[in-house]
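Hello,

Here is the structure I promised to pass on to you. Please open it beside this message, and then read on for what turned up in it.

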Amino acid sequence: MPTTKPATPNPPFHPVEALARARHEFGEHGGVNASIESSVTFTVMKADTLPELFHGAATPEQGCYLYGRHYNPTVIHFARMLAAMEGTESAHCTASGMGAISGIALQLCDTGDHAVVARTIYGGTFALFNRYLPKKAGITATFVDVTDHAEVEAAFTPRTKLLYVESLANPTLVVADLPKLAAIAHRHNALLVVDNTFSPLIFSPAQLGADVVVHSLTKFISGGADSVAGAVCGPRALLDQLYDVNEGSLMLLGPTMDPRIAFELSLRVPHLPLRMVEHSRRAQVFAERLQAMGVRVRYPGLPSHPEHELFNSLANPEFGAGGLIALDLETAPRAAKLMEALQLDERFGFIAVSLGYFDTLMSASATSTSSELPQEERWKAGLSDGLVRMSVGYTGSLEQRWEQLERAVKKVL
Ligand SMILES: *Cc1c(COP(=O)(O)O)cnc(C)c1O
């Protein structure tokens with residue numbers, strides 16, 4: 001059979017161009033922004049449409065909606081933007097990042113199933129796989145170093161349903177080799193699930209082999225530290241299972257996104273590219289200058305980062321290396337002293353968890369967002385007690401902020 005080749009090869013995926021091509025929805029009266037549909041229930045013209053909605057025969061694509069926990073037009077509109085950004089067939093929004101992560105984990109695994117999970121990971125995700133899922137659902141996990149592909153491969157069992165990693169890992173900024181990890185997962189008939197919270201636009205995991213991409217939208221995508229929200233992006237057939245009325249995790253556990261939040265966040269996505277570029281520009285300059293001062297810095301944009309070359313080969317080029325830098329001050333008291341000098345003396349940023357905010361946020365990961373990891377796991381993950389995770393903001397001028405940072409660092413060196 002002769003095959004017809006396209007005249008030009010497909011252009012490389014570009015998340016911002018994909019967003020611009022996505023269907024734009026106008027507001028009810030022709031407004032440039034979509035309307036907020038705040039109703040939780042929807043009328044039908046004929047009584048027999050209701051049973052069709054329950055059985056999935058009448059769908060939102062046909063303009064048929066059932067109930068707010070199931071589908072909402074404003075939430076679907078926002079989910080389409082996220083699917084376009086990640087280049088996936090479909091996306092569903094959730095009330096939080098953990099809602100998305102727990103929902104997809106429970107959908108993919110039944111009691112007795114198993115997950116292979118990156119050791120360097122958000123503390124809440126670690127606790128979910130390490131304690132909650134084994135105890136409540138009989139789903140077990142093996143934690144691995146994602147840079148050691150032999151260790152990853154060896155952890156699979158006949159019951160392994162998913163390999164779970166962060167594209168850029170919290171908090172040590174390890175870069176996952178997604179194409180290789182996808183190949184390992186697929187060899188074992190498992191799916192690769194990637195948390196892309198630290199690196200929206202920078203990585204397009206679904207283009208690199210991931211089957212499912214999850215986000216905490218609470219971070220960079222919101223950018224305002226004002227809403228908790230999440231999303232799961234992936235193939236339509238798989239994601240539709242999440243809303244099955246009898247067996248869907250999102251349908252039955254109910255971490256639903258409110259349409260008002262979906263509307264708010266839909267207005268943040270168009271300027272996400274500008275924000276990511278500026279977060280990255282500043283983080284790159286700070287990382288280079290801190291390293292030159294003799295501070296131990298981890299940043300994927302530095303040639304000294306162990307996966308620097310891998311990062312460059314996988315990342316979309318124009319968004320830089322991200323807004324997070326990890327400074328290793330070796331001991332907890334030195335980390336505390338630096339953060340206090342930066343917050344109290346310099347007004348450089350805030351000692352607070354979370355990331356992706358317009359101002360700089362700093363936390364000592366070992367005693368905060370990664371405290372769910374036992375000390376031995378933290379050491380294995382290269383997470384010292386003196387590690388300060390800094391989410392670099394973009395308020396003030398770069399040189400003004402650098403002066404503040406340099407002065408504070410000199411006090412602790
Ligand atoms: C914050 C975070 C989560 C959890 O998201 P919530 O929105 O707080 O539920 C998951 N993964 C990563 C990498 C995070 O930073």
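Predicted model: local features only at pLDDT ≥ 70, side-chain atom pairs only at ≥ 80, totals over all residues.

To meet here is to be in contact, with heavy atoms within 4.5 Å.

Residues are numbered from 1 along each chain as its sequence is written, and side-chain values use heavy atoms, with hydrogens and water left out.

Two packed helices are described by the angle between their axes and the distance between the axes. Axes are lines fitted to C-alpha atoms, for helices over the stretch in contact, and angles run from 0 to 180 degrees between N-to-C directions. Helices (H or I, at least four residues) and strands (E, at least two) are DSSP runs, numbered from the N terminus.

Helix 15 (residues 398–412) packs with helix 11 (residues 272–292) at about 35°, with the axes 11 Å apart. This contact has 7 nonpolar, no polar and 5 charged residues. Helix 15 also packs with helix 13 (residues 332–345), at an angle of about 145° and with axes 9 Å apart. Here the contact comprises 7 nonpolar, 1 polar and 4 charged residues.

Now for the aromatic rings. How many aromatic pairs are there? The count comes to 8, where rings of Phe, Tyr and Trp (its six-membered ring) pair if their centres lie within 6.5 Å, and planes under 30 degrees apart are stacked, over 60 edge-to-face and the rest tilted. The rings of phenylalanine 126 and phenylalanine 143 have centres 4.6 Å apart and planes at 40°, so this pair is tilted. Phenylalanine 126 lies in helix 5 and phenylalanine 143 in strand 3 (residues 140–144), so the pair ties together parts that are 17 residues apart in sequence. Phenylalanine 126 is buried at 1% relative accessibility, and phenylalanine 143 is buried at 11% (buried means under 20% relative accessible area, exposed over 50%, partly exposed in between, with a 1.4 Å probe and protein chains only).

Tyrosine 357 and phenylalanine 358 have ring centres 4.2 Å apart and planes at 35°, so they are a tilted pair. Tyrosine 357 is buried at 17%, whereas phenylalanine 358 is partly exposed at 30%. Phe286, Phe348 and Trp402 form one aromatic cluster.

Finally, where is glutamate 307 found? Glutamate 307 is in the loop between strand 8 (296–298) and helix 12 (308–314), and glutamate 307 is buried, with a relative accessible area of 13%. Not counting residues up to four places away in sequence, glutamate 307 touches Thr147, Leu173, Val174 and Val175.

Happy exploring!

Note on methods: Nonpolar A, V, L, I, M, F, W, Y, C, P; charged D, E, K, R; others polar.
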